[in-house]
Amino acid sequence: MVFSRARAFSGLPCAQADLDHVAHIVTASGTSFARGMKVLPAARRQAMFAIYAFCRQVDDIADGDTNVADPAQALQEWHERIDRLYQGETQDALDRVLVAAIFRFQLQAKDFHAVIDGMAMDCGAPIVAPDEKTLDLYCDRVASAVGRLSVRAFGDSSAAADRVSKHLGRALQLTNILRDISEDAARDRLYLPSELLERFNVPTNPKEALYAHGLDDVARILSRRAHDHFREARRAMKECDSTAMRPARMMAASYEPVLNALEKRGWKNPELSPKVSKGWRAVRALAAYVK
C-alpha cells in the first residue's frame with residue numbers, strides 16, 4: 001500500500017511539544033540525519049524522527065551509554081513497550097509520536113522487535129568472528145529492519161520496497177563494518193565472518209586481526225558483496241514509487257563513495273581514515289534527489 005501524499009504533507013496528529021521532544025533527540029545526537037530528512041513532507045519526516053529516536057535509545061542501551069543497571073533487561077522492556085504501543089498505550093512523548101507514526105504509515109511491530117533483537121546481539125559479550133549466517137542476521141536486524149520501517153514512512157510498502165530495505169541495509173551495514181574494523185577492535189569486537197577469516201588465515205582475536213596479511217583479502221570480498229547489495233537495491237528501486245525512494249537513493253549515493261574510498265585505501269593499515277570527497281558525496285546525493 002502506498003499512502004496518500006496529501007495526508008503526509010499535514011503533520012502527525014501530535015502535540016507540538018511531543019514532536020519537538022523527538023526532534024531534539026535527533027538533533028542532540030549530532031547526526032546529519034535531520035538535514036537529510038528535510039526532503040520529506042512533515043508527517044513522513046516526523047515519523048522518521050521517531051524511528052531514529054527509537055533506534056538511538058535502544059542502541060545507547062546496547063552500547064552501555066545509558067545509566068541502566070541491566071542492559072539486557074532494558075532491551076526486553078523495550079520489547080514489552082513496543083507491544084503496548086500497538087495497543088495504543090503510551091507513557092511519554094516518544095511513545096505518542098511513535099503510535100501516531102505506526103498507525104499513519106502501518107509500521108510493522110516485527111520490524112521494531114527485530115531492531116531490538118539486533119541491539120541485543122551487541123549487548124553483553126562482544127561479537128567476535130560470527131559465522132556467515134549470524135552476520136547476515138545481524139545486518140538484517142540492525143539495518144534492513146530499520147529500512148523496512150523507513151520505506152513505509154517514505155511512502156512505499158510494496159514488496160519491491162522491502163527488497164530495497166534488504167539490500168540497501170546490508171550494503172550500508174557492511175560498509176560500516178569495513179570502515180570501523182580498527183574502532184571495533186579497540187572494543188574487542190570483530191564483525192568479519194569466521195569462514196573468511198579461516199580461509200585467509202586471519203586470527204579471530206580482534207587486535208591481532210588488524211595487521212594480519214589476509215585481512216585485506218577478507219575485506220575486499222566483503223566490499224564486493226556490499227557493491228552487489230547496492231546494485232540490487234538500485235534495481236529494486238526502479239520498481240518503487242520514485243518520490244518515496246528519494247531518501248533511499250540519496251543514502252546510497254552518499255554512502256557508496258565511502259566504500260570506494262575504503263577500497264582505494266585498502267585494509268593493510270585499517271586505522272587510517274579513508275579519503276572521501278565531501279563535495280563529490282554532495283554532488284551524488286543531489287543527483288539522486290533530482291533523479
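Is Phe-112 buried or exposed? Phe-112 is buried, because its relative accessible area is 0%; buried means under 20% relative accessible area, exposed over 50%, and partly exposed in between, with a 1.4 Å probe and protein chains only. The model is predicted, so local features need pLDDT of at least 70 and side-chain atom pairs count only at pLDDT 80 or more, while totals for chains, interfaces and linings use all residues. Residues are numbered from 1 along each chain as its sequence is written, and side-chain values use heavy atoms, with hydrogens and water left out.

The interior may be considered next. In soluble globular proteins, nonpolar side chains tend to be buried together. Here the largest nonpolar core has 95 residues, and Phe-54, Leu-168 and Leu-192 have the most contacts inside it. Such a core is a set of buried Ala, Val, Leu, Ile, Met, Phe, Trp, Tyr and Cys residues joined through side-chain atoms within 4.5 Å. Helix H4 (residues 42-62) gives this core its largest share, 13 residues; helices are DSSP runs (H or I, at least four residues), numbered from the N terminus.

Phe-54 counts as buried because its relative accessibility is 0%. Leaving aside residues up to four places away in sequence, Phe-54 touches Trp-78, Ile-82, Leu-94, Leu-98, Phe-112, Val-115 and Ile-116, where contact means heavy atoms within 4.5 Å.

Rings of Phe, Tyr and Trp (its six-membered ring) pair if their centres lie within 6.5 Å; planes under 30 degrees apart count as stacked, over 60 as edge-to-face and the rest as tilted. By this rule there are 3 aromatic pairs. Phe-54 and Phe-112 form an edge-to-face pair, 5.1 Å centre to centre with 80° between the planes. This pair links distant parts of the chain, for Phe-54 lies in helix H4 and Phe-112 in helix H7 (residues 109-121), 58 residues apart. Tyr-138 and Tyr-191 form a stacked pair, 5.3 Å centre to centre with 25° between the planes. Tyr-138 belongs to helix H8 (residues 132-154), whereas Tyr-191 lies in the loop between helix H10 (181-186) and helix H11 (194-199), 53 residues away. Both Tyr-138 and Tyr-191 are buried. Ring pairs also join Phe-54, Trp-78 and Phe-112 into a cluster.

Conventions: Helix = DSSP H or I, 4+ residues; strand = E, 2+ residues; numbered from the N terminus.
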